[in-house]
Amino acid sequence: MKLIETRVVVHFPGFEPLDGAAHRARYERSAKQSAAVWGYSVAIGAPAGGSDPLYFEVGTGGGDTAPGATGSPGWQAKSRIHMIDHDVLVGRLRSGNTLSQIIAGFRSCAQIMLDGGMRGYFRHAWRFGLFFLFPFLLTALAIALTAQIAIIPYSLGLVPWHMLWSGPLALCFFIFAFLPFSERFHTLHLFADWKMAVALGRMDRADFNDWLEDRAAAVRKALAEEADEYVISSHSMGSNVATHVIGMLLEREPEIFRGKRVVFATLGSAILQCALLSSATLLRARVGLIARCPEISWLDVQCLTDSINFYKVPVVAVAGHADAPAAKMILIRVKQMLTRERYRRIRKDQLRVHRQYVLGPDLKAPFDFTLMTSGPMPASVFASPDAERIPG
């Protein structure tokens with residue numbers, strides 16, 4: 001197998017309030033963890049000055065190129081990683097006061113229900129359906145409790161002026177008790193995430209569409225660079241952004257990937273979060289374009305203990321393209337990547353488990369995001385559980 005010496009990576013992170021610099025810093029921490037576990041060397045370059053989107057170089061080496069080598073044949077790989085973060089969209093969706101965010105969140109909930117999204121979630125991945133409902137049910141319960149506190153005087157048969165104290169008490173409960181408690185579950189952030197799901201499904205927001213056009217131009221430029229391999233990776237909600245951007249490029253230039261080795265890796269993908277909306281016809285069409293592109297190998301990385309993905313669900317077929325080549329499912333276990341102590345600490349935090357796809361490992365495991373995007377082996381080797389991750 002020919003080793004990869006040069007690689008271009010276009011990575012679409014998930015829905016987090018992190019800009020490109022923050023995602024690069026996370027990548028650096030994760031890469032150092034991976035290098036320590038697998039025993040190779042890694043060097044993370046500074047962000048290219050003035051780059052938009054941000055990109056940086058990663059150099060990895062092993063064998064006689066690594067510190068403390070014992071004379072085994074060496075290898076070196078150089079990757080240029082472009083971070084296509086959507087922090088600007090996260091900021092817009094999280095803007096406004098708390099009341100406006102709550103109202104907008106419940107509006108997106110209603111839109112998803114009317115578009116058949118919730119029905120699709122429970123049909124294909126019931127745990128994802130519960131993930132959808134949780135923040136709305138939690139907030140609805142808090143609103144009901146707040147109303148009950150406000151009408152205590154009426155319930156007790158007291159005169160109406162007693163609501164002068166019950167009303168403020170109810171407001172204090174909601175602001176100073178519920179809202180801080182709800183932040184443990186990132187409730188308002190999840191409201192914004194569902195607003196983005198509606199926007200990427202319906203494609204009815206001009207600001208989002210203009211931003212996607214701009215990112216498509218940037219990605220087109222990145223993919224024009226010479227390399228042995230091109231990895232288009234995405235995490236969670238970022239997989240919807242990646243599908244739109246790559247789909248747009250294929251619509252305009254069907255031969256854009258001719259002669260290239262391309263891997264489309266969706267990690268904990270949330271494509272069906274948007275594609276199951278009846279209005280998401282454009283997104284589903286772009287799923288088909290990517291699946292049918294002969295130069296693209298689609299790897300769909302899924303995890304049983306991650307409730308925020310569609311485990312063992314064939315994304316291409318469910319998106320309406322049963323006749324197209326299916327994405328290769330890679331099933332991973334978070335507990336294989338982490339020490340028992342670390343896994344015990346995080347296993348009840350579903351958002352933390354969901355982030356593990358792009359974080360560094362404690363142990364050698366079948367999946368490693370750094371090796372997929374910066375290692376010497378082609379990214380497609382991760383489709384085989386028995387393949388070597390580092391040359392012997």
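Predicted model: local features only at pLDDT ≥ 70, side-chain atom pairs only at ≥ 80, totals over all residues.
Biologist: Why is helix 9 called roughly perpendicular to helix 10?

Modeller: Helix 9 (residues 206–223) and helix 10 (residues 238–252) pack at an angle of about 70 degrees, their axes being 9 Å apart. Angles of 65 to 115 degrees count as roughly perpendicular, so helix 9 is roughly perpendicular to helix 10. The crossing of these two helices is right-handed.

Biologist: Which residues make the contact of helix 9 with helix 10?

Modeller: Helix 9 contributes Trp211, Leu212, Glu213, Arg215, Ala216, Val219, Arg220 and Leu223. From helix 10 come Val241, His244, Val245, Ile246, Met248, Leu249 and Arg252. By class, this contact has ten nonpolar residues, one polar and four charged. His244 is in that contact, and it counts as polar because the charged class holds Asp, Glu, Lys and Arg.

Biologist: What makes helix 5 roughly antiparallel to helix 7?

Modeller: The packing angle of helix 5 and helix 7 (residues 163–182) is about 160 degrees, with 8 Å between their axes. Angles over 145 degrees count as roughly antiparallel, so helix 5 is put in that class relative to helix 7. Helix 5 passes helix 7 in a right-handed crossing.

Biologist: How many charged residues does the contact of helix 5 with helix 7 have?

Modeller: There are no charged residues in it, against 13 nonpolar and four polar. On the helix 5 side the contact includes Leu138, Ala142, Leu145 and Ile149. The helix 7 side includes Phe173, Phe174, Phe178 and Phe181.

Biologist: What residues make the contact of helix 3 with helix 5, and how do they divide by class?

Modeller: Ile102, Gly105, Phe106, Ser108, Cys109, Ile112 and Met113 of helix 3 meet Phe132, Leu133, Phe136, Thr139, Ala140 and Ile143 of helix 5. They divide into ten nonpolar, three polar and no charged residues. Gly105 is part of this contact; Gly counts as polar and Cys as nonpolar. Thr139 and Ile143 of helix 5 are also listed in the contact with helix 7.

Biologist: Turning to the pockets, which residues lie nearest the centre of the largest pocket?

Modeller: Phe15, Glu16, His189, Leu351 and Arg355 do, out of 18 lining residues. The volume of the largest pocket is about 320 Å³. Helix 8 (187–202) and helix 16 (350–355) are the elements that give two or more residues to this lining, and helix 16 gives the most, with four. The lining has six nonpolar, seven polar and five charged residues.

Biologist: What lines the second largest pocket?

Modeller: Its lining has 14 residues, with Phe131, Phe134, Phe185, Gln350 and Leu351 nearest the centre. The second largest pocket has a volume of about 270 Å³. Helix 5 (126–150) and helix 16 each supply at least two lining residues, and helix 5 gives the most, with four. By class there are seven nonpolar, three polar and four charged residues.

Conventions:
Residues numbered from 1 in each chain as written. Heavy atoms only, no water. Axes fitted to C-alpha atoms, helices over the stretch in contact; angles between N-to-C directions. Parallel < 35°, antiparallel > 145°, perpendicular 65-115°, else oblique. Left-handed = near helix turned anticlockwise from the far one by under 90°. Contact = heavy atoms within 4.5 Å. 1 Å grid on protein atoms, 1.4 Å probe; cavity = no way out; pocket = protein on both sides within 12 Å on 5 of 7 lines; lining within 4 Å. Points joined across faces, edges and corners; volume = space filled by probe spheres on them.
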